[in-house]
Amino acid sequence: MGKYLFFSIIFLFINSCSLKNKQDDIDLNSEKFSVKPDQPLESLLISQVINGDNKDLDLIIPHNKTYILDKNIEIGHLTINGSLICAPNFASRDLKLKVKSISINGSLICGTRLNPYLGNFHISLKDSELDPQSNPLYRGILVHHGGRLLLHGNKNKGNWTRLDSHLNPGEKLIKVSQNQVTFDSGDKIAVGSTSFNYEESEIFEIESLEESSIKLSKEAQYFHWGEIQNFNSPSKGNIIFDERAEVINLSRNIKITTDRTIGDISLANEFPSIGGHVMIHHHGFAQISGVEFEGLGQEGILGRYPIHWHLAGNSGGQYIKHSSIHHSNQRCIVIHQTNQLQVRSNSCYANKGHGIFLEDGNEIENKITHNIVMKTLAPAPEKSLLVSENINKSENQGRYPSVASFWISNPDNFIQNNISSGSVGTGFWMSFKKDMKDSDGQIIAEPLITNTDSFDNNIAHSSLVGITWDGRPGWENANNPLNPSDKLLLQAHYAPEKTPTFNNLTAYKNILTGIYFRGTTAKFSNAVFADNGWNFWVAYNQILEDSIVIGRTNNHQESDQKFFYNHPLNRYERFRKTGVVLYDGPFEVHKTDFLNFSTEKENFELDNGQIVNSTVVPFTATGGSNKYVNITSQLSFNPQPKYKMHIESIDEKIKTASFLNHSTIRDLDGSLNGTSSPSLIVAKNSLLIPFISTCTSKKGLYNFRSCPASFQEGSFVFRDNNPWVTPFLVLRNDGKTNYPFEHWNVLRYYPNNLFTFASHGLYSFKLLPLYEYNQFKKGRIQTNVEKINQHSPIVEIVSYGNNCSLENALKVNSYESLLLSQENSFYTEGEKFFVKLIGKEKLGPITDSISIGSAYSSGDYNIICDDEPIKKSVIGEIESVEYLADETIVSGWACNKRSSNSIDVALYAVSKSKPAKSHFLKQVPTDLPSDPSIVFKCGFYGNSPKRFRAVLPKSEFSQYSDHKISVLGQSISSEPNKEVEGSRRYQLFK
């Protein structure tokens, strides 16, 4: 490390210098310096140690020695074995320490908690001969075992405030609300985005301060909302909603930066991508308050972040507070296998990669409160340390949007009163691994089933997704050359033992979703949603209560709407904004107000000229796989919206919900359907609506019907070894289907794995596969119902296999016996396979007292069939013969059973003589559209039709006028051709 300035002989005793009588300033035993009583009083002024040009020489501060900064210095590598302090009596000076690295084994002290340093102290980390990839000392401040880093600056700049009036493009004067934030001329401030576009946050320098306003050094480029809004809630009275732009002060009097000079060239507008970093190791100690970290972080290098507690273990008493970290090359604040740390009232701005980051998943008992992370950026894809930070992964941006302002890898942390103010991806991402293991393979943490400590009072806006519980590192290696431990993301299902309650969460101006939750029961209480694409989207059984959902606020600029509707992630055509999404279900929504939703149907023209439906609707069905009914009560609407509920019809862009048609809500008190009567609200074309329908249309229920509350919903689930590629068609015995026949081919691209039914009425169903089921032979079925001992209808699973059975279920000997059975039962005869299931097991959360309605399950039953494949055979029927003056028209259908291909049919004239003689007439294809009844008989549905129509001119075949008509189906397999049903029933000509 070069030559050292090592002063062990020359030192200045306090009792023999002019500083002796200033013990209040420099006495290291003083409480205000938080230095141990055994710290020696022997001290040296840095000016007495370093003279002349020593910028490339290294310096060691020996044990039991204290150096006091009293001038600017530039040196090489600094090792602190003793102490280096900023003495208060020199606070009027601007002190700068320009250094290659700092290794702290002793103490670096500048101010204390009780007596913060009020002067200006600037540490600039410069380039060196070290390799940044292999040596953490490259531009590093490292706090080692026994080392202490105590930096306490002016914390009054560490809070944040909001605009007190709009800031328009071209303006330079702003007003802010009074919130105990100190601003000075020359300070850097950031003003947050108030649109869907996170990039509309801006950074300014304060030119001057006036009585009630701040003059900026440049004009604003974007509009920033600056007014409090009031809404009238029918149940809660006046609602105050605040979307005003946040204003944060990034400047502090203690500052750590990356040196901007390379030789004599000044990099005035950017920092080197391999910047400085601060790392606190195990048994190191750091208390940081009122410090500015600018341009730090080493892009693409593991472990090099602006401020990083690294494998620090239990760190009670340590903290970072009231500090700003901005323009970071890599993340913001990183907590790695560290517990009990306090992260409070900090500001992150324009950091690349996840912002406040819990690294591995075993970080617990940390307090992360009152922080604001603004304008979270994506690193270059080739510099991404994790898949979850790589925006080139299309699945990430579509389902798990990268990057996150807050990456929380373990729920056992106290996370309250934080703000994500704009992110390229997600605001708060709860990414919980299934488990973590130590080097011996022992499980040391199970985040996915760990109880939540606290996640309350957090705000997320101007992102793709505001707050999400889904997407976790799995077990498949991501092959990331920068990080061998990086894993591809998997769907996550959060399932703690204790049902979590999330209080006072706020999400607005998020393009895709305000809050998305995947897991077992969770309760969201006193939430506020506004202006999101989909405000509340949950998978499975979650509860929303005492909340406010605002469809559209006054912060509704034309440019902002244009950005939303033309956003590339609306490739999913989710143009319609909605309050609550009917997805997998079931959810419960109680005591919730829906305010300012569309009162008329609205459209929006995209940049490409396409007109899309932009009506904002409180409830929208988007498919999924509801296991059982959703529940609502005590809802209110102001004003009354055009539609309270919406499900896409088959002629609209989104067809997912249309063909599934099993999104339902049990309206407990009529507050959803606009009456005082409870009801079951079902999709208009749903199989739930029985034969003689008493279900009625209600104003505002678009494509839904309101049925009597006595109706009970159930679902029949069919899965094979991959539950998401088991498309089947459903035919009820009254001819009703789950999707219009002419659109059935769509199901090949949108597979479903269940259908729903109502217990009102006696009917049965047939399930028809869209491919050959027996290629898997891993079938499982289950029914879910609302009442105990409620049974499913009888379901025939068509052409699944030979002599099939349900493992551990009751076998009965006839269809009639199956009708009477009160057990999970089946009846089988060759290819025929009928099942009936009973709901007896309590279904739903197995947590504490929270309950989601009533639900019971039959449990899963495996299907077992003979290995012998089902034989293909030609089947068909002559349906009609039309006799005209000059011709005969023969119509019918034919297929090679369980084959998707069309076949040809040959028509013959058969004589009455014995033995009968057949004369070939013509051959025609089965090239006309089919219908559900034929499809089920064929046992397979492909894209090819099954009907035929043959025209037989009399002039051509008059010699056979006394013959009968025969139609022979032409086999496309090794099976023989076969005469179809109805052959020889009709005369050729009459």
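The model is predicted. The count of aromatic pairs comes to 37. The structure also holds 29 salt bridges.

- Strand β69 spans residues 754-758 and is mostly covered, with five of its five residues buried.
- In a regular strand the side chains alternate between the two faces of the sheet.
- One side of β69 carries Leu-754, Thr-756 and Ala-758, and the other carries Phe-755 and Phe-757. Both faces are covered.
- β69 pairs with strand β67 (residues 713-719) in the antiparallel sense, over five bridges.
- Within this pairing, Glu-713 stands opposite Ala-758 of β69.

**A four-strand sheet**

- Four strands form an open sheet in the order β83-β82-β85-β86, with antiparallel pairing.
- β83 (918-925) and β86 (978-979) stand at the edges. Each has a single partner strand, so one side of each is left without a neighbour in the sheet.
- β82 (residues 904-910) and β85 (residues 964-969) pair in the antiparallel sense over six bridges.
- Ala-906 stands opposite Leu-968 in β85.

**Aromatic pairs**

- Phe-223 and Trp-225 form an edge-to-face pair. Their centres are 6.4 Å apart, with 70 degrees between the planes.
- Phe-223 is buried at a relative accessible area of 19%. The cut-off matters here: buried means under 20%.
- Trp-225 is buried too, with a relative accessible area of 6%.
- Phe-587 and Phe-619 have ring centres 6.2 Å apart and planes at 25 degrees, so this pair is stacked.
- Phe-587 lies in strand β57 (residues 587-595) and Phe-619 in strand β60 (residues 617-621). The pair therefore ties together parts that are 32 residues apart in sequence.
- Phe-587 and Phe-619 are both buried.
- Ring pairs also link residues into a cluster, among them Phe-406, Phe-428, Trp-469, Tyr-494 and Phe-536.

**Charges over rings**

- Lys-218 places its charged end over the ring of Phe-204, 5.7 Å from the ring centre.
- Arg-331 has its charged end over the ring of Phe-357, at 4.0 Å from the centre.

**Helix α4**

- Helix α4 covers residues 558-565, and its buried residues are Asp-560, Gln-561, Phe-564 and Tyr-565.
- Exposed residues Glu-558 and Ser-559 sit on the face turned away from the buried side.
- The cover over the buried residues of α4 includes β58 and β59 (611-613).

**Loop residue Glu-600**

- Glu-600 is placed in the loop between β57 and β58 (603-605).
- Its C-alpha is 9.2 Å from that of Val-616, and the two are 16 residues apart in sequence.
- Leaving aside neighbours within four places in sequence, Glu-600 is in contact with Thr-615 and Lys-642.

**Salt bridges**

- Glu-74 and Lys-126 form a salt bridge, with the closest N and O atoms 2.8 Å apart.
- Glu-74 lies in strand β5 (residues 73-74), and Lys-126 in the loop between β11 (120-125) and β12 (140-143). The pair therefore ties together parts that are 52 residues apart in sequence.
- Glu-74 is partly exposed at 28% relative accessibility, whereas Lys-126 is buried at 6%.
- Lys-98 and Asp-259 meet in a salt bridge at 3.6 Å, N to O.
- This pair links distant parts of the chain, 161 residues apart. Lys-98 is in strand β8 (residues 94-99), and Asp-259 is in the loop between β22 (254-258) and β23 (261-262).
- Lys-98 counts as buried at 17% relative accessibility, and Asp-259 is buried at 8%.
- Glu-823 and Lys-840 meet in a salt bridge at 3.4 Å, N to O.
- Glu-823 lies in the loop between α6 (815-820) and β75 (825-829), and Lys-840 in the loop between β76 (832-836) and β77 (841-842), so the pair ties together parts that are 17 residues apart in sequence.
- Glu-823 is partly exposed at 41%, and Lys-840 is partly exposed at 37%.
- Salt bridges with shared partners join Arg-162, Asp-164, Asp-242, Arg-244 and Glu-246 into one network.

Methods
Residues numbered from 1 in each chain as written. Predicted model: local features only at pLDDT ≥ 70, side-chain atom pairs only at ≥ 80, totals over all residues. Heavy atoms only, no water. Buried < 20%, exposed > 50% of the residue type's maximum accessible area, 1.4 Å probe, protein only. Helix = DSSP H or I, 4+ residues; strand = E, 2+ residues; numbered from the N terminus. Pairing = 2+ DSSP bridges. Phe/Tyr/Trp six-rings, centres within 6.5 Å; stacked < 30°, edge-to-face > 60°. Lys NZ or Arg CZ within 6 Å of the ring centre and 35° of its normal. Contact = heavy atoms within 4.5 Å. Salt bridge = Lys/Arg side-chain N within 4 Å of Asp/Glu carboxyl O.
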